[in-house]
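Please read the following note beside the sequence and the structure. The points are numbered so that each may be checked in turn.

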Amino acid sequence: MRADSPAALPGLDAAWSRSVTVADSAGVEHCWHVLDNGVADPVGTLLCVHGNPTWSYLWRRLLAAAPPGWRVVAPDQLGMGWSDRLAEPRSLRQRVADLGDLTAALGIPGPVVTVGHDWGGVISLGWALEHREQLRGVVLANTAVAMPEGDSGPALIRLASAPGVRAAVTVGTPVFVRATTALSRPALPADVRRAFAAPYRSAARRRSVGDFVADIPFAPGHPSRPVQEAIAEGIRTLDVPALLLWGPRDPVFGDRYLTDLRSRMPQARLHRYEGASHLLPEDAPRYADAVAQWVADLDAGNDPARARPAPPGTTGRRLWTALQERSDDDTPAVVEVGGATVSWSRLARRVADLAAGLAASGVRPGHRVALLVEPSADLTAAIYAVWRAGAVVVVADKGLGFAGMRRALRSAAVDSVVGSSQGLAAARLMGLPGSRIAAGRPGRAALRALGAAHSLDELEVLGRAAPAPVEPPVDADCAVLFTSGATGPAKGVVYTHRQAAAQLDLVRATYDLTDTDRLVAAFAPFAILGPALGIGSAVPDVDVTAPGSLTAAALADAAAAVDATVVFASPAALRRVAATAPDLSAAQRAALARIRLLMSAGAPVPASLLRSLREVLPAADAHTPYGMTEVLPVTDVSLAEIEAAGDGDGVCVGRPLTGVDVRISPLSPAGTADGPLTDSPRITGEVCVRAAHVKDRYDALWALERSASRNPGWHRTGDVGHLDADGRLWIEGRLQHVVTTASGAVTPVGIEQRVERLPGVSAAAAVGVGPAGAQVVVVVVVRSGGDPAPPRRRRTRPGLADADLADAVRTAAGVDVAAVLVAARLPVDIRHQSKVDRSEVARRAARLLAGARPPAGRS
Amino acid sequence: MRLLVTGASGMLGRATAEGLLARGDEVTVLQRRPAGLPCREVLGDVADPSVVRRAARGQDAVLHLAAKVDVTGQWTEYAHANIDGTRTVLDACRAEDVGRLVHVSSPSVAHAGTALVGVGAEPADPASARGRYSRSKAVAELDALAADSTSLAVLALRPHLVWGPGDPQLVARIVERARAGRLPVVGSGTALIDTTYVDNAAAALVAAVDACGPVHGEALVVSNGEPRPVAEVLARLCRAAGVPGPRGRVPFGAAYVAGAAMEGIWAVTRRRSVPPLTRFLAEQLATAHWFDQRRTRTALRWRPRVGLDDGFSRLAAWYAAAGPPPRGMVRTSR
């Protein structure tokens, strides 16, 4: 082994290192250092090209996770890593040629997938364009091939390339080398940072780092500019599959470079690793498995994520069909209690005009339109108009918080934002791209200040004289929604018109909804669905994004306003309704007595709450649909069915609805759900759903979509449960909350239910503490009737339960419980305020049960 | 099978020897004082080569428990009993062609004072082990495992916090302090700790004698696999003994400093008694230490028979039958 080659470094197998001497086009020989997993007679080769100032070490995880039969080759570019140093700067053209010379020398016949990061992306694409006959696919991570219009390159790189700065920063000192690995999020371990810096210890060894920066063609007259532009244009003609892996926190290559890449390679699949920065292969180690899966799928000849069975026929109704049918109906379609009332005829007219106005103002089919408008008649009209115009609504609710909304909306790459004054101001703070449309009645000056080209009212006027847009095809996207973000960043979920229409058909059929029904929508997502369901709706005079604020009186007033027959509310809202029932007037009670159906969703609803609501809603049949952002509803259960099912291991959510298939992917002792799908009763595993109204895909999350759809046609819900002998589904928790003990996997919900039946316990969470596979079960309980301790000593941190409570919990739990803790309250998710955040409970319990940290400095 | 058990006068050694005898093994025991067991007995120092060779002669296996288990005393005493003793046993095994050695060690040989949360048996580390006992046992375990060879199979077992009826170590000390009203909870009392009921530990050692051979050259932690918060363990021990539970709390930092001070005073004054608190004890009472038992249970084909609750009941029954122990019964050596 040569002296200047990597010593033992974390994650690097010394057997991968090899040296190859290759003559370049000028006949000069250079010695290359290459990582090569050395697979003989490979199915294909992954050619991995690093950027500046890293080296092939960046790809070590991909070498370790190579897809079966694939060779992985990762060279150190000349002048970089452990390859020969160069006396002269190397141009982009020369570097692309060098890479070709190297692959020729190494002997890489057969299919090649190029993998590039940073400026290695451009070079790998240059190689790809010159080896089209071999090219099988393209993978790119946080790179750029061109400066988008009006852009003069990444600010940080421009700074580093400024005259006088470059030599000092990149060569004279290791600032650039060290700064690159300091960008990592989460921070890299010190030994990994040292490994990246190892080949660049002296100014002489860093020479090419500076030359590389100088070769980036920011200005039109730069000698490498024509080559870069040829590559940027050339990749538009590549017809191979492409995978883009992106760290959104990259201060070098921001989202605009991703947008540019996607426009050049519209076939590319994308996975955004939220939280990851520039050094994506470091920040998101899971990227290696994603690449391996994607490459393996290339060989399989199809993409299982797309191989869905043809959906069954639907009624053929579109999201705006009811509006068209009732365009002469002057009865209320949407009533905002304490606000506007909009008739069916007015709403139909407004939606038609707005749709035409949106199209006339440049909103194209497939464009994504973020809606930052409080629930209102404006929001309802805007959503239906966007749909009718063939564009896609992007809806992130306030429950995600500002940072969560920002992350979510940026991930969706929106083309336009429709917002209230507040909404548009938030859009600016979030740095959302795209044009702006103002809701409400802002004046001219305000419009300009908000950066809005139009207001909705202006578009409506504009639309009266404009042609109606063509109806979008049923398989076009219609919406991007977001999961609650209770456990990690909210995930974008894409629906097509067909899937959304199927959902509405199912809801109508399941609950016998007809145009004689009227709905009170006290649950934000459903406040806008009345017009699509073809039933009039009222929104109570409360903040629908704050479910705990709905009183019984407010509910009754909303019911009276539309003579409602149906109520839709979240469990948190219903709890408050039950608590404020004594305040109802006789008239309010009469309005609520006409409700025939109560639907509650968002989280499991305790039977006791449903029973207590009988007093408020005496005629209402209480139903709880089960589902999630990705597919809703899946099953439905009534209070009578809950009572008939009795106690069991988990929450009984009822039987699958007509047209919905539910299967179980059995849980392994390690807590994974990889078994073949089964409908056998009493087998616990991940709940999988097949139905016409399942989401189309996750947005910008290729690897997640691939994993959630790994049984073609089935959506993996992430929920864990079992079917019983009567075909009822019981939910036992979330897959990520399964406790993996030495004696097997344990699910939390059954334990929690048994503990919550103990006198003196109002809530419980069962979580795992310790390393996967050797975890122990810990139960955290909240005592009912308030904390008996005086306020001064009120516990905010959980503490140990007394011996009697601990004994009672252990007896009830039915599994070995290592510790019983008491807390004043359990952390819950923001959106529904009713799902216990078990991950957070587990983190707190683990901290407490680890005990004290030893003092620093010891004998 | 013919076996030598060293250190059979302690609670665990006695229980193990009884277990072996009960299943019909031919047992020789070796320790300084008569153990009163119905078997051949060799009395002497475990670091005395002639004594140990005589005891090891003709044996199929040696189960080596003899050790100085303490918190006070000079390093030379620990080195003699634990390091020299183990080397003497190893030499005797090789000299007498004994094929198997089960070396009884301690999880503290790999405990640097930080929380151990569901870990396996990490390598012994004399440099970071806490206190003289742990350090000497770490050296001994490394020596024992280094002697593992084709002719001598060595298996190291690390029973964790062994307790049970008649235990003069852990249980008696806790109970005596609680009775005197001097048993505080160190830190929050929430640290999860593993313990081992004595019958389970003894059964694990018996199982190790059988497993040693196919399984060799590694260390295995033995515990009940039922970790509990330390305050709960103390409270249940006290309840079983019929004494009041822990009273008051001492912050961990204060306990650690107090422990250091007491160690210093005891060392300078060469006191032989047990100081009320040591840094090791403060750490043991305030930081989590519980273990992944999967490898142990697979390797030994053993599972604990007596659950914690059952163990506490048995302890309570023993205390009820024995009545309060006379003062001064608590001793410091096995």
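How many helices and strands are there in chain B? Chain B has 11 helices and 15 strands; helices (H or I, at least four residues) and strands (E, at least two) are DSSP runs, numbered from the N terminus.

1. Basis of the note. This is a predicted model, in which local features need pLDDT of at least 70 and side-chain atom pairs count only at pLDDT 80 or more, while totals for chains, interfaces and linings use all residues. Residues are numbered from 1 along each chain as its sequence is written, and chains are lettered from A and ligands numbered from 1 in the order in which they are written.

2. Chain B. Of the 334 residues in chain B, 55% are buried; a residue is buried if 20 or more other C-beta atoms, placed from the backbone, lie within 10 Å of its own, exposed if 12 or fewer, and partly exposed in between. Among the contacts in chain B with a separation of 6 or more, 77% join residues 24 or more positions apart. Two residues are in contact if their C-beta atoms, placed from the backbone, lie within 7 Å.

3. The interface. Chain B brings 30 residues into contact with 21 residues of chain A. On the side of chain B that touches chain A, two or more residues come from each of β6 (116-119), β13 (228-229), α7 (230-241), α8 (252-269) and α9 (279-286) of chain B. By class, that side has 12 nonpolar, 11 polar and seven charged residues. Here Ala, Val, Leu, Ile, Met, Phe, Trp, Tyr, Cys and Pro count as nonpolar, Asp, Glu, Lys and Arg as charged, and the others, Gly among them, as polar.

4. Domains of chain A. An automatic or database domain assignment supplies the bounds: domain 1 (16-150 + 222-300), domain 2 (344-496), domain 3 (644-737) and domain 4 (738-851). The C-alpha centres of domain 2 and domain 4 of chain A are 43 Å apart.

5. An open sheet in chain A. Eight strands form this sheet with mixed pairing, in the order β1-β2-β4-β3-β5-β6-β7-β8; two strands pair if DSSP finds at least two bridges between them. Because β1 (17-23) and β8 (269-272) of chain A stand at the edges with a single partner strand each, one side of each has no neighbour in the sheet. Within the sheet, β5 (residues 112-117) and β6 (residues 135-141) of chain A run parallel and are joined by six bridges; G116(A) has L140(A) in β6(A) as its bridge partner.

6. Helix α6 of chain A. Which residues of helix α6 (residues 175-182) of chain A are buried? They are F176(A), V177(A), T180(A) and T181(A). Seen down the axis of α6(A), these residues fall within an arc of 130 degrees, so they line one face of the helix; the arc is that of the directions from the helix axis to the C-beta atoms. They pack against α4 (155-161), α5 (166-172), α7 (190-197) and α8 (207-214) of chain A.

7. Strand β20 of chain A. In a regular strand the side chains alternate between the two faces of the sheet. From β20 (residues 566-569) of chain A, V566(A) and F568(A) point one way, V567(A) and A569(A) the other way, and all are buried. β20(A) pairs in the parallel sense with β18 (residues 518-522) of chain A over four bridges, and four bridges also join β20(A) to the parallel strand β21 (residues 597-600) of chain A. V566(A) stands opposite L597(A) in β21(A).
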